[in-house]
Amino acid sequence: MRKSLIIGAMALVANMTLLQSPAQARSTELRDPDRTDFECTLSMDKATRAIKAGMRSRHWSYKKGSKPGEAIGRILVRGKHTLWVTIKYDRKSFDIDYKDSDNLNYRVSDDGTRYLHPNAISWMENLRNDIRNAAYDMCP
């Protein structure tokens with residue numbers, strides 16, 4: 001009887017570990033993309049157009065931010081995963097920062113480390129590359 005209880009307890013612990021692993025595997029430490037140079041100096045109008053063009057290439061929606069040189073980006077994936085970012089930019093560079101999300105496993109650990117689904121982190125990196133490429137096409 002005691003042996004079966006021990007085996008049962010071990011099986012329960014193993015199952016709980018398996019149940020937790022997939023959830024943990026679907027979130028990784030969130031580090032916002034590095035500030036990125038445009039490779040040239042653009043007018044603010046061209047910088048805004050580069051931001052918009054980069055966002056359009058992967059179906060991000062654009063909203064003007066509350067300050068000059070600020071935009072809010074939103075992407076909706078498969079109708080259920082939403083990611084919002086803030087993009088701060090000037091004539092020479094831009095910076096993408098996580099703003100909010102739905103259904104992307106965002107959490108903050110006790111030590112302040114932020115976690116997010118790895119796909120969302122890839123979406124931010126792709127957006128960064130798309131904006132940089134769009135800006136490069138506008139350089140003289």
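I counted two strands as paired if DSSP finds at least two bridges between them. Helices (H or I, at least four residues) and strands (E, at least two) are DSSP runs, numbered from the N terminus.

**Ground rules.** I am working with a predicted model, where local features need pLDDT of at least 70 and side-chain atom pairs count only at pLDDT 80 or more, while totals for chains, interfaces and linings use all residues. Residues are numbered from 1 along each chain as its sequence is written, and side-chain values use heavy atoms, with hydrogens and water left out.

I started with β1 and found it paired antiparallel with β8 (residues 114-116) over two bridges. Thr28 sits opposite Leu116 of β8. My axes are lines fitted to C-alpha atoms, for helices over the stretch in contact, and angles run from 0 to 180 degrees between N-to-C directions.

**Entry 2, the five-stranded sheet.** Next I traced an open sheet with antiparallel pairing in the order β2-β6-β5-β4-β3. Here β2 and β3 are the edge strands with a single partner each, so one side of each is left without a neighbour in the sheet. I looked up β2 and found two bridges to β6 (residues 93-102), in the antiparallel sense. The partner of Asp37 in β6 is Ser93. Helix α2 packs on this sheet and touches β3, β4, β5 (81-89) and β6, with its direction at about 160 degrees to that of β5. Contact, for me, means heavy atoms within 4.5 Å.

Tyr62 has Gly73 as its bridge partner in β4. These two strands make a hairpin with five residues between them, and Gly69 in the turn has a positive phi of about 75 degrees.

I checked how α2 (residues 44-56) meets α3: the axes are 8 Å apart and the packing angle is about 135 degrees. That makes α2 oblique to α3 (under 35 degrees is roughly parallel, over 145 roughly antiparallel, 65 to 115 roughly perpendicular and the rest oblique). On the α2 side the contact includes Lys46, Arg49 and Ile51, and on the α3 side it includes Leu127, Asp130 and Met138.

Cys40 and Cys139 form it, with their sulfur atoms 2.0 Å apart. Cys40 lies in the loop between β2 (36-37) and α2, and Cys139 in the segment after α3, so the pair ties together parts that are 99 residues apart in sequence. The torsion about the S-S bond of Cys40 and Cys139 is about -85 degrees, so I noted the disulfide as left-handed.

How values were computed. Disulfide = S-S within 2.5 Å.
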